[in-house]
Amino acid sequence: MSLPEVAVIVLNYNGTQFLKNCFDSLRKTTYRSMQMIMYDNNSTDQSISFVQQNYPEVKIVRSFINGGYSRAYNEAVKHTDAKYAVFLNNDVEVHSGWLEPLVTLAQSDEKIAALQPKLLWLIDKTRFEYAGSAGGEMDKYGYPFLRGRIFSTIEFDEGQYDDVKEIFWASGAALFIRTDVFRNCLALDETFVHHMEEIDMCWRIHLLGYKIKVVPESIVYHYGGATIISDSFKKMYWNHRNSMFMLFKNLDDRNFFYILFRHYLFDIAAVIHSVYTFAFKRGIAIIYAYLWLLVNIPLLYKKRREVQKLRCVNDDVIFEKLFPKSVVYQYFIKGRKTYNSLLKALKK
């Protein structure tokens with residue numbers, strides 16, 4: 001029986017220092033029906049010539065602009081007819097047997113649209129990685145978190161999340177997806193620019209009635225996530241802007257105003273806290289985020305109409321997949337710093 005083809009698409013921008021480790025590990029992949037593609041976002045270093053000389057089996061797709069993560073993968077998928085694709089950062093190292101568990105599970109159920117491997121930190125392989133860990137979750141107020149990392153608390157991998165489990169979102173650092181579903185769910189929204197674009201896409205996948213799971217038997221080591229500067233102005237701006245943008249697009253009419261208003265109150269509390277603690281940067285970032293939202297209300301409604309036309313299930317189904325309490329309250333007020341401690345809160 002022939003194996004379904006998987007296109008592993010490595011996104012690169014000036015990443016020559018990472019490419020040897022990445023493609024060396026991909027070469028050791030034991031899954032035989034794999035196509036390697038490097039989508040280059042207009043690099044100015046030696047990335048393309050390095051890959052051409054050392055990895056001739058890699059198909060190189062070159063962009064002449066750096067349009068960011070979303071545009072890159074939207075364009076890259078056009079260059080493959082593979083049944084499945086993996087969106088892979090260039091600063092990763094894959095385990096040799098990483099693809100088989102993903103393909104096997106995807107083949108077992110056509111309602112599975114996307115999967116995520118277990119993501120560990122390349123620098124310390126005993127710890128979960130900041131951006132993906134053991135799968136993404138979200139609370140009902142639109143705050144994402146991870147099995148293995150909540151806000152700034154990153155856990156060690158002790159096998160506590162080694163179960164195959166439905167998750168709400170899969171990390172864009174290593175995201176396995178059916179290419180037909182990717183095209184049908186409006187792909188990645190390029191308006192996001194940075195942060196949360198894969199969470200937004202995963203929400204649409206759920207709206208279409210598909211499932212997303214984490215497969216811990218598949219292991220990928222990622223370098224970059226732990227180096228994110230969590231208190232940078234740009235990161236805070238994009239996170240606050242895009243979380244509201246995502247809610248605006250994806251909530252149904254019944255929950256629209258209630259959830260948006262509750263999320264807005266949390267953001268107002270963050271602004272007040274930033275004043276009292278003299279951490280003005282966060283407060284200013286939030287204000288700028290809301291200014292963008294106000295200026296772009298016509299765009300927000302246009303995006304909302306597009307998504308709501310796509311919807312196949314109502315929010316009763318979606319909310320069953322969300323953490324029913326506020327992760328902000330549980331973490332900062334109740335002191336629950338791990339995913340398992342959040343689950344215990346549900347039993348009380």
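Predicted model: local features only at pLDDT ≥ 70, side-chain atom pairs only at ≥ 80, totals over all residues.

Colleague: Where does Gln-330 lie, and does it count as buried or exposed?

Modeller: Gln-330 is part of helix α12, residues 327-332. Its relative accessibility is 5%, and under 20% is buried, so Gln-330 counts as buried.

Colleague: You mentioned Phe-323. Which aromatic cluster is it in?

Modeller: One cluster is formed by Phe-128, Phe-145, Tyr-161, Phe-323 and Tyr-339.

Colleague: How many aromatic pairs are there?

Modeller: The count comes to 27 aromatic pairs. One of them is Phe-23 with Tyr-55: the ring centres are 5.4 Å apart and the planes are at 40°, so the pair is tilted.

Colleague: Which parts of the chain does that pair tie together?

Modeller: Phe-23 is in helix α1 (residues 16-27), while Tyr-55 is in the loop between α2 (47-54) and β3 (59-63), so the pair ties together parts 32 residues apart in sequence. Phe-23 is buried at 0% relative accessible area, and Tyr-55 is buried at 3%.

Colleague: Switching to charges. How many salt bridges are there?

Modeller: The count is 19 salt bridges. Among them is Lys-118 with Asp-157, where the closest N and O atoms are 3.0 Å apart. That pair links distant parts of the chain: Lys-118 belongs to strand β6 (residues 112-121) and Asp-157 to the loop between β10 (153-154) and β11, 39 residues apart. Lys-118 counts as buried, at 5% relative accessibility.

Colleague: What about Asp-189, which side chain does it meet in a salt bridge at 2.7 Å?

Modeller: That is Lys-249, at 2.7 Å from N to O. Asp-189 is in the loop between α5 (179-184) and α6, and Lys-249 is in helix α7 (residues 233-250), so the pair ties together parts 60 residues apart in sequence. Both Asp-189 and Lys-249 are buried.

There is a salt bridge between Lys-303 and Asp-189 as well, at 3.1 Å from N to O. Here Lys-303 is in helix α10 and Asp-189 in the loop between α5 and α6, 114 residues apart. Lys-303 is buried, as is Asp-189.

Colleague: Which residues do the shared partners join into one network?

Modeller: The network is made of Asp-189, Asp-200, Arg-204, Lys-249 and Lys-303.

Colleague: Where is Asp-200, and what does it touch beyond its neighbours within four places in sequence?

Modeller: Asp-200 is in helix α6. Beyond those neighbours, Asp-200 is in contact with Asp-189, Phe-192, Met-246, Lys-249 and Asn-250. At 0% relative accessibility, Asp-200 counts as buried.

Colleague: Which rings have a charge over the face?

Modeller: Lys-249 lies over the face of Phe-245, at 5.5 Å from the ring centre. Another case is Arg-149 over the face of Tyr-130, at 3.9 Å from the ring centre.

Colleague: Last topic, the surface. Which residues make the nonpolar patch?

Modeller: The patch is about 1100 Å² and is made by Phe-233, Val-275, Phe-278, Phe-280, Ile-284, Ile-287, Tyr-288, Leu-291, Leu-294, Ile-297 and Tyr-301. The elements that give two or more residues to it are α9 (280-295) and α10 (297-310).

Colleague: Which element gives the most?

Modeller: Helix α9 does, with six residues. Tyr-288 is in that helix, and at 48% relative accessibility Tyr-288 counts as partly exposed.

Note on methods: Residues numbered from 1 in each chain as written. Heavy atoms only, no water. Patch = residues over 30% accessible without salt bridge, like charges linked within 9 Å, V, L, I, M, F, W, Y side chains within 5 Å. Areas by Shrake-Rupley, 256 points an atom, 1.4 Å probe, with all protein chains shown as cover. Salt bridge = Lys/Arg side-chain N within 4 Å of Asp/Glu carboxyl O. Buried < 20%, exposed > 50% of the residue type's maximum accessible area, 1.4 Å probe, protein only. Phe/Tyr/Trp six-rings, centres within 6.5 Å; stacked < 30°, edge-to-face > 60°. Lys NZ or Arg CZ within 6 Å of the ring centre and 35° of its normal. Contact = heavy atoms within 4.5 Å.
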